[in-house]
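Please keep the sequence and the structure in view while reading.

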Amino acid sequence: MHILIFHNAVLPALEYGGTERVVWWLGKELTQMGHRVSFLVAKGSECPFAEVLFYNPELSLSLQIPDYIDVVHLSIPPPEDFPKPYVYTVHGNPRADEVLDHNAVFVSKNHAERHNSMAYVLNGVDFEDYPKPSFSHQRGHTHFLANASWRVKNVKGAIHIAKKANEKLAVMGGHRLNFKMGFRFTPDRHVRFHGMVGGRVKFDLLHRSKALLFPVLWHEPFGLAIVESLYMGCSVLGTPYGSLPEIVTPEVGFLSISENELAEKLKNIAQFDPKICHEYARDTFTSRQMALGYLQYFEMVLSGKKINSVAPKALFDYPKFLPYEVN
């Protein structure tokens, strides 16, 4: 089939950009499986394996879908007059009052269930884009990998966990100086802020890290940072919210709402084997399994069926910040 992937961003993502990398890997894998792929993306994009069409935000999306396309993969809800069969991937947590499209697909089982759906495809990674880690070298710090300006990501909690365990923390995804809030964090020898990093810098920091500290305060839809960290041999310490219980098994990490429990586990982080973490991620979260998952939904909508018989909607109005015990 000929699949159009629409995402209003520049591809490929050179540094930060989880969704951009996921749709890139999906397109690449579908091409390797023998399908034709076109990207409808922002100007400045380029791709060696698929046709690139530039999205014009001043025109209706419906008018920019070529006739030769069979099915469309969307990262936003479709307009009412959308002319082709489509699948809409929900990447975030919609508002509680938002009724979603019948062809919505979620990125984890928990993500789907919280919206009264059973349709989901786990995000997959093309591990060819990552260096293979070593498991014999010394690992000297922990890390936080997320947009630190989002309070639900809880960089403050990650800093506290590292301090309580007397471990150094590399923060990827934020700066000490926030222009809206000023200096949010006092100088601390345990913490170093690296900003929005990607490529070799990120891989090097992950490769030298013992663990990802991920004490999120919301229901995380998926958590690409978790898979990247595991692949590089890092165990994961986080809160049991959203997709984390699906992704973080007892062999590769520990989940708790107690900051003290997470800090105590960090003190004994050597109980987790970096090689087991790597192999688990490598074997479980592949771009191929992601492509196979989406193909079943592409085939469903091409046959005229709706993915969800009832339009998905959040089952509960969750609090802005989920419980987290500091003491």
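## A helix across the sheet

Which strands does helix H7 (residues 259-267) lie across? Helix H7 lies across S7, S12, strand S13 (235-238) and S14, and runs at about 160 degrees to S13. Helices (H or I, at least four residues) and strands (E, at least two) are DSSP runs, numbered from the N terminus. Axes are lines fitted to C-alpha atoms, for helices over the stretch in contact, and angles run from 0 to 180 degrees between N-to-C directions.

The model is predicted: local features need pLDDT of at least 70, side-chain atom pairs count only at pLDDT 80 or more, and totals for chains, interfaces and linings use all residues. Residues are numbered from 1 along each chain as its sequence is written, and side-chain values use heavy atoms, with hydrogens and water left out.

## The six-stranded sheet

Six strands form an open sheet with parallel pairing, in the order S11-S8-S7-S12-S13-S14. Two strands are said to pair if DSSP finds at least two bridges between them. Strand S11 (191-195) and strand S14 (253-255) are the edge strands, each pairing on one side only. From one strand to the next, the twist averages 25 degrees.

Four bridges connect strand S8 (residues 169-172) with S11 in the parallel sense. Within this pairing, Leu169 stands opposite Val191 in S11. Helix H3 (residues 155-164) packs on the sheet and touches strand S7 (141-145), S8, S11 and strand S12 (209-214); the direction of H3 makes about 165 degrees with that of S8. Contact here means heavy atoms within 4.5 Å.

The buried residues of H3 are Val155, Gly157, Ala158, Ile159, Ile161 and Ala162. Buried means under 20% relative accessible area, exposed over 50%, and partly exposed in between (1.4 Å probe, protein chains only). These buried residues pack against S7, S8, S11, S12 and H7.

Asn154 lies in the loop between S7 and H3, and Asn166 lies in the loop between H3 and S8. Asn154 has a positive phi of about 60 degrees although it is not a glycine, and for Asn166, likewise not a glycine, phi is also positive at about 60 degrees. Is each of them buried or exposed? Asn154 is buried, with a relative accessible area of 8%, whereas Asn166 is exposed, with a relative accessible area of 54%.

## Helix H3 against helix H7

H3 and H7 pack at an angle of about 50 degrees, and their axes are 8 Å apart. That angle makes H3 oblique to H7, because angles under 35 degrees count as roughly parallel, over 145 as roughly antiparallel, 65 to 115 as roughly perpendicular and the rest as oblique. The crossing is right-handed; a crossing is left-handed if the near helix is turned anticlockwise from the far one by less than a right angle, and right-handed if clockwise.

On the H3 side, the contact is made by Gly157, His160, Ile161, Ala162 and Lys164. On the H7 side, Glu259, Asn260, Leu262, Ala263, Leu266 and Lys267 take part. By class, the contact of H3 with H7 has five nonpolar, three polar and three charged residues. For this count, Ala, Val, Leu, Ile, Met, Phe, Trp, Tyr, Cys and Pro are nonpolar, Asp, Glu, Lys and Arg are charged, and the others, Gly among them, are polar.

## Strand S2 and its partners

Strand S2 (residues 36-41) is largely enclosed by the rest of the structure, because five of its six residues are buried. Strand S1 (residues 2-7) runs parallel to S2, and six bridges join the two. Leu40 in S2 is the bridge partner of Phe6.

S2 also pairs with strand S3 (residues 51-54), in the parallel sense over four bridges. There, the bridge partner of Ser38 is Glu51 in S3.

The peptide bond from Leu11 to Pro12 is cis, with omega near -5 degrees. Pro12 is placed in the loop between S1 and helix H1 (18-32).

The axes of H1 and helix H9 (residues 287-302) come within 9 Å and cross at roughly 80 degrees, which makes H1 roughly perpendicular to H9. Among the residues in this contact are Trp25 and Leu26 of H1 and Tyr294 and Phe298 of H9. The residues of the contact divide into nine nonpolar, one polar and two charged.
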